[in-house]
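Here's a quick tour of the aromatic rings in this structure. Have a look at the model, then read on.

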Amino acid sequence: MLKRGIGWLWIICLPFSLFAQDEVKDSLMHDSIAPTARQRGFVETIKKFLNFSDFDTTYISPNRYNYALMLDHFTNYEYYSVKNTSPTPQRLSFSPKPHNKIGVYFGWRWIFLGWAIDTDGLYGKKSGKDRGTEFDLSLYSSKIGVDIFYHRTGNNYRIDKVTGFSEDIPSNYSEDFSGLKVRMKGLNLYYIFNNRRFSYPAAFSQSTNQRRNAGSFIAGFSTSTHNLNFDYTKLPAIIQENMNPGMKVKHIKYTNISLNFGYAYNWVFARNCLACLSLNPSIAYKTSQIEKEENEKKDWYKNFNIDFIVRAGIVYNNSKYFIGTSFLGRTYDYYRNNFSLNNGFGTLQVYAGFNFYLKKEHRKTKPIQSK
């Protein structure tokens with residue numbers, strides 16, 4: 001998994017690094033053969049697209065520093081809901097306790113790298129349960145953004161809500177459940193249209209400052225794969241006795257390919273203070289394989305559903321120091337005939353840090369004194 005993550009990071013960062021080298025001076029080597037007008041036009045188009053510093057300075061102020069240091073606290077949330085409507089509507093909802101991490105991060109421009117540890121271990125609250133593996137990487141630039149994620153859930157789920165079962169089972173019935181295991185991985189790539197006046201980095205990576213209110217339409221592409229193992233035999237006996245046959249699903253695997261289009265808005269509600277809200281609904285094409293009882297064959301389905309990606313953030317940033325909070329959430333919905341599966345992941349961050357080491361163009365030069 002680590003090798004794959006590094007590979008994706010190298011592929012994504014390559015165009016950024018190429019442009020960063022071009023920022024110093026436009027000293028490209030000359031070819032002995034003069035390029036044609038079409039070739040020059042293509043090169044200029046590519047250079048303009050990769051120019052991530054091309055923004056309206058009355059709306060966005062560039063970062064004056066090269067580096068940043070940040071302390072960050074993460075809280076991860078997730079939920080799963082399984083529903084069947086035949087012969088009567090029934091729903092089971094599961095979620096683990098929120099997972100907390102704290103870490104220190106070092107930043108260079110739009111990249112933050114660091115290390116985080118589980119806070120339950122610090123407080124002596126580890127229970128021996130498998131909490132799974134999480135990997136999330138989000139890169140925010142003025143024009144394009146990338147999310148890469150991998151989640152392997154543990155066995156620390158609880159039954160949160162039960163509806164449509166026997167009257168002997170209250171809707172707020174809650175009990176530990178170790179029969180749910182999920183693996184999910186995916187990639188989200190998007191483009192920001194009003195990139196000269198609207199800044200995602202100002203809200204989520206503290207690498208610029210939004211000075212005036214601005215919004216932008218956002219379009220993107222997403223792909224993800226989901227593997228869900230559901231051992232219903234580990235459910236309490238009273239629930240198993242009243243389950244619809246259609247809920248006795250052992251394994252669900254589906255691939256999600258979607259196009260999303262949404263809108264984001266940055267509100268500068270006070271000096272150096274910014275609030276951002278972004279919502280991207282997506283039309284998702286899904287192919288799925290569902291495995292039921294051992295004596296039943298596997299079913300393949302293809303259909304369209306609606307998913308959502310939401311981002312929100314509040315930050316104070318005076319160019320030198322910053323403090324804020326942000327949230328990134330993803331929901332995935334699967335519907336087929338009388339069966340549905342809903343799952344969602346969310347990450348809440350609370351952070352504080354500072355920028356340091358001024359860029360060369362922002363350093364004050366001492367005046368030369370005449371003798």
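## Charges over rings

Which residue lies over the face of Tyr 59? That's Arg 212, at 5.7 Å from the ring centre. Keep in mind that we're looking at a predicted model here.

There's another case to check out: Arg 330 lies over the face of Phe 149, and here the distance from the ring centre is 4.0 Å.

The structure holds 21 aromatic pairs. One of them joins Phe 74 and Tyr 105 edge-to-face, with 5.9 Å centre to centre and 65° between the planes. Phe 74 sits in strand E2 (residues 65-84) and Tyr 105 in strand E4 (residues 99-108), so this pair ties together parts that are 31 residues apart in sequence. Both Phe 74 and Tyr 105 are buried.

## A stacked pair

Tyr 140 and Phe 204 give you a stacked pair: their centres are 5.3 Å apart, with 25° between the planes. This one links distant parts of the chain, since Tyr 140 belongs to strand E6 (residues 133-140) and Phe 204 to helix H4 (residues 200-204), 64 residues apart.

Tyr 140 comes in at 10% relative accessibility, so Tyr 140 counts as buried. Phe 204 has 13%, so Phe 204 counts as buried too.

## A cluster of rings

Tyr 67, Phe 106, Phe 354, Phe 356 and Tyr 357 are linked into a cluster by ring pairs.

Key
Residues are numbered from 1 along each chain as its sequence is written. This is a predicted model: local features need pLDDT of at least 70, side-chain atom pairs count only at pLDDT 80 or more; totals for chains, interfaces and linings use all residues. Side-chain values use heavy atoms; hydrogens and water are left out. Rings of Phe, Tyr and Trp (its six-membered ring) pair if their centres lie within 6.5 Å; planes under 30 degrees apart count as stacked, over 60 as edge-to-face and the rest as tilted. Helices (H or I, at least four residues) and strands (E, at least two) are DSSP runs, numbered from the N terminus. Buried means under 20% relative accessible area, exposed over 50%, partly exposed in between (1.4 Å probe, protein chains only). A charge sits over a ring if NZ of Lys or CZ of Arg is within 6 Å of the ring centre and within 35 degrees of the ring normal.
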